[in-house]
Amino acid sequence: MDNAWSKSDKMKLKILPSSLREKKRYIKIEVLEEKIDLNEFEKKIKEIGRKIFGEFYFGDFSLKFVKNLCKNKFFVLRCSHLFVQHILFLLGFIEEINGKKIIIKVHKISGTLKSIKS
Amino acid sequence: MKFSDIIFANDLDELKEMLEVGKKLGFKRFCQIFDFKKFNEKIEEEVKEIGKELEIDLCIGVEVKTFNQIETIRRKRKNFEFVIVRGGNVSLNRKALDTKEIDLIYNLPTKANSGFNHIMAKIARKNDVLIGINFRNLLEKNENERIKFIKALKLNLKLAKKYKAKIVVFSGAKNKFELKDPKILISFLVMNGFDLKEAKKCISKNLNEKIEENRKRLSEKWIMPGVRVIK
């Protein structure tokens, strides 16, 4: 017999209305000097984020990489609009990834992907 | 906005590299600091030439660490464009803040306390001494030290803000990899309860005004505050 949990798994959640969804910000950054791998960079950011802000707090940032826009030395991060400054502060702590020394330049902070692309 | 930064390059080649990267990051002015003992006129000329070559506004300053050096600076203030003090104990912090000839004091927290209180904040405001926060200090500390250091910094920022003492945040870089984007430096202040507008001032206007005032004072036309030769 199926239990209640397995039935509810088949159900789809209704999409939240836009007013209740979390507001996002996109941050476009450039890594100067060295070319680095996206996965390594993501791993490093999350590691430092957990160390500085703690797991409980870091979850609220809803930090993600927009992978299709991460090309060459440019990376696009997505986060909650309330924690943009926290993410920028966090970037200040990243100085090397796998022995490669890097410098981070923040290009743009925007609410839409359209303006980030431009 | 004209962002400026304070750096501590060890040699001229490094300084050149740092200025090039700094330009890319969006800084318009740099203040290169030398140790008080090592500083001489020959170095000053060489650094000025680099500034002209790269077309960047470069200010040259000295770092003072002891009581005796502060007294020496007091007598020979006209030889230096910018003077900063590396604090670290309460009496030195107080001495530096009491001296009008000092432009900026940084590294205020000591091992036991924050090295700064409401009285010092009032004096800093009165004597127009900038309260500096070196981002490098934050990164170099180990985890346990960093916790105490951040706590002390938060208290210092709160006091400085309340008593309207001017604050400056700088990267304190020794090589090009230690330079930080202005937005990263601003974020540190915003996280500590500053408005974005106020935080931007701490990276640009506060330091720029001080440097420009010092340059006016060093010119031959300057006589005393409010009086200068026009023609």
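Modeller: Here it is. Chain B brings 22 residues to the contact and chain A brings 21 residues. Keep in mind that this is a predicted model.

Biologist: What area is buried between chain B and chain A?

Modeller: About 1900 Å² is buried between the two chains, and carbon and sulfur atoms give 66% of that. On the chain B side, the residues that lose the most area to chain A are Phe177(B), Lys183(B) and Met191(B), which together make up 31% of what that side buries.

Biologist: How many salt bridges are there between the chains?

Modeller: The count between chain B and chain A is 3. One of the salt bridges pairs Glu95(A) with Arg136(B), with the closest N and O atoms 2.8 Å apart.

Biologist: Which elements of chain B give two or more residues to the side that touches chain A?

Modeller: Those are α1 (12-25), α6 (135-140), α7 (143-162) and α8 (182-191) of chain B. The largest share comes from α8(B), with 6 residues.

Biologist: What does that side look like by class?

Modeller: The side of chain B that touches chain A has 12 nonpolar, 1 polar and 9 charged residues.

Biologist: Switching to chain A. How do α2 and α4 cross?

Modeller: In chain A, the axes of α2 (residues 38-53) and α4 (residues 84-91) come within 10 Å and cross at roughly 110 degrees. The two helices α2(A) and α4(A) are therefore roughly perpendicular to each other.

Biologist: Which residues meet there?

Modeller: From α2(A), Ile45(A), Ile48(A), Gly49(A), Ile52(A) and Phe53(A) meet His86(A), Phe89(A), Leu90(A) and Leu91(A) of α4(A). By class, this contact has 7 nonpolar and 2 polar residues, with no charged ones.

Biologist: Back to chain B. At what angle do α4 and α5 pack?

Modeller: In chain B, α4 (residues 90-98) and α5 (residues 118-127) pack at about 25 degrees, with their axes 8 Å apart. That makes α4(B) roughly parallel to α5(B).

Biologist: Which residues make that contact?

Modeller: Val90(B), Asn93(B), Arg94(B), Leu97(B) and Asp98(B) come from α4(B), while Ile119(B), Met120(B), Ile123(B), Ala124(B) and Asn127(B) come from α5(B). The contact of α4(B) with α5(B) has 6 nonpolar, 2 polar and 2 charged residues.

Notes
Residues numbered from 1 in each chain as written. Chains lettered and ligands numbered in written order. Predicted model: local features only at pLDDT ≥ 70, side-chain atom pairs only at ≥ 80, totals over all residues. Heavy atoms only, no water. Contact = heavy atoms within 4.5 Å. Buried area = accessible area lost by both parts, 1.4 Å probe. Salt bridge = Lys/Arg side-chain N within 4 Å of Asp/Glu carboxyl O. Helix = DSSP H or I, 4+ residues; strand = E, 2+ residues; numbered from the N terminus. Nonpolar A, V, L, I, M, F, W, Y, C, P; charged D, E, K, R; others polar. Axes fitted to C-alpha atoms, helices over the stretch in contact; angles between N-to-C directions. Parallel < 35°, antiparallel > 145°, perpendicular 65-115°, else oblique.
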